[in-house]
Amino acid sequence: MSKDIPELTLPDMNDEGQQQAALLASALPFLRRYAGDTIVVKYGGNAMGKDHLSSAFGRDIALLKLVGINPIVVHGGGPQISAMLKRLNIESRFVDGLRVTDQAAIDVIEMVLSGSVNKQVADLINRAGALAVGISGKDGGLLQARKLLHYSRDARSGNDEAQDLGFVGEPVKIDPRVLFSLLGSGLIPVIAPVGVGEKGETYNINADTAAGAIAGSVNASRLLMLTDVAGVLDENGKLIPELTADEARRRIADGSISGGMIPKVETCLAAVKAGASAAVILDGRVPHACLLELFTHKGSGTLIRAA
């Protein structure tokens with residue numbers, strides 16, 4: 001969404017070809033607005049799990065590249081990981097929504113994320129006519145990570161206690177040179193959120209967190225977070241189209257942003273602070289959600305910007 005582009009009114013037309021031409025013409029100001037920009041898209045949830053949404057996503061990312069925008073895709077893969085762990089009789093255990101990851105689990109996670117899921121996402125885009133290359137955060141030292149220190153409240157003592165999550169990590173440094181190299185060659189990077197520690201150990205990184213860190217490092221024009229909700233809702237359950245960083249922090253503090261929306265908003269805030277122009281939480285269950293956000297005046301989610 002962009003308030004600096006005037007909203008266009010399309011004439012009533014019965015002919016389908018004329019309607020398509022008018023829609024293309026109405027998108028022109030937005031195409032000019034984002035020409036040459038880098039857009040980071042976090043892909044997961046229902047958008048990844050349903051065939052018709054997956055196909056639409058692949059076409060949308062290919063379209064962005066073909067009209068002169070530089071998309072970078074960071075994907076998740078939680079359901080696929082759980083399914084493979086179950087097949088291998090490896091127990092899945094979660095603490096505050098975070099998967100406890102021992103050595104056996106991290107080997108499977110890397111195999112699933114960097115292997116089958118990563119190549120499937122790249123193939124969606126390739127079949128739509130663009131050139132996508134699947135990599136992991138370990139390639140080129142892209143996602144340098146450390147062990148995530150996680151604390152949770154003990155119900156009996158009321159104290160915050162450290163939880164050992166194993167090989168769950170958080171980014172400490174992003175080296176985007178491999179991304180710039182791929183983008184400069186006309187390719188679309190598709191990234192599995194697996195990072196590397198200072199001793200070469202492998203870390204599983206939350207895909208939202210990885211996407212936010214990457215968006216900040218490449219000074220992305222937009223971070224698009226595809227989720228399973230419409231965006232940030234107000235007290236009446238209505239979508240909030242736009243928030244400044246200060247407004248978002250106030251809503252977290254007063255409890256109007258709560259639960260699972262807090263880490264998503266905090267990821268957006270971190271991305272904007274690190275260098276992204278804005279971040280958007282939008283509903284990946286809506287076909288062509290990325291195009292609706294970028295190429296229409298109304299947009300498709302909640303945009304968070306610095307000011």
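**Close-up 1. Helices H7 and H9 pack against each other in this predicted model.** H7 covers residues 207-217 and H9 covers residues 261-274. Their axes sit 7 Å apart and meet at an angle of about 15°. That angle makes the two helices roughly parallel, because anything under 35 degrees counts as such. As for handedness, H7 and H9 make a right-handed crossing.

**Close-up 2. Here are the residues where H7 touches H9.** On the H7 side, look for Asp 208, Thr 209, Gly 212, Ala 215 and Gly 216. Across from them, H9 brings in Lys 264, Thr 267, Ala 271 and Ala 274.

**Close-up 3. Cys 268 is in no disulfide.** The nearest cysteine sulfur belongs to Cys 290, and it is 13 Å away. A disulfide would need the two sulfurs within 2.5 Å, so the count comes to 0 disulfides. Is Cys 268 buried or exposed? Its relative accessibility is 0%, so Cys 268 counts as buried.

**Close-up 4. Cys 290 is in no disulfide either.** For Cys 290, the nearest cysteine sulfur is that of Cys 268, 13 Å away. Cys 290 has a relative accessibility of 3%, and it counts as buried because the cut-off is under 20%.

Conventions:
Residues numbered from 1 in each chain as written. Predicted model: local features only at pLDDT ≥ 70, side-chain atom pairs only at ≥ 80, totals over all residues. Heavy atoms only, no water. Buried < 20%, exposed > 50% of the residue type's maximum accessible area, 1.4 Å probe, protein only. Axes fitted to C-alpha atoms, helices over the stretch in contact; angles between N-to-C directions. Helix = DSSP H or I, 4+ residues; strand = E, 2+ residues; numbered from the N terminus. Parallel < 35°, antiparallel > 145°, perpendicular 65-115°, else oblique. Left-handed = near helix turned anticlockwise from the far one by under 90°. Contact = heavy atoms within 4.5 Å.
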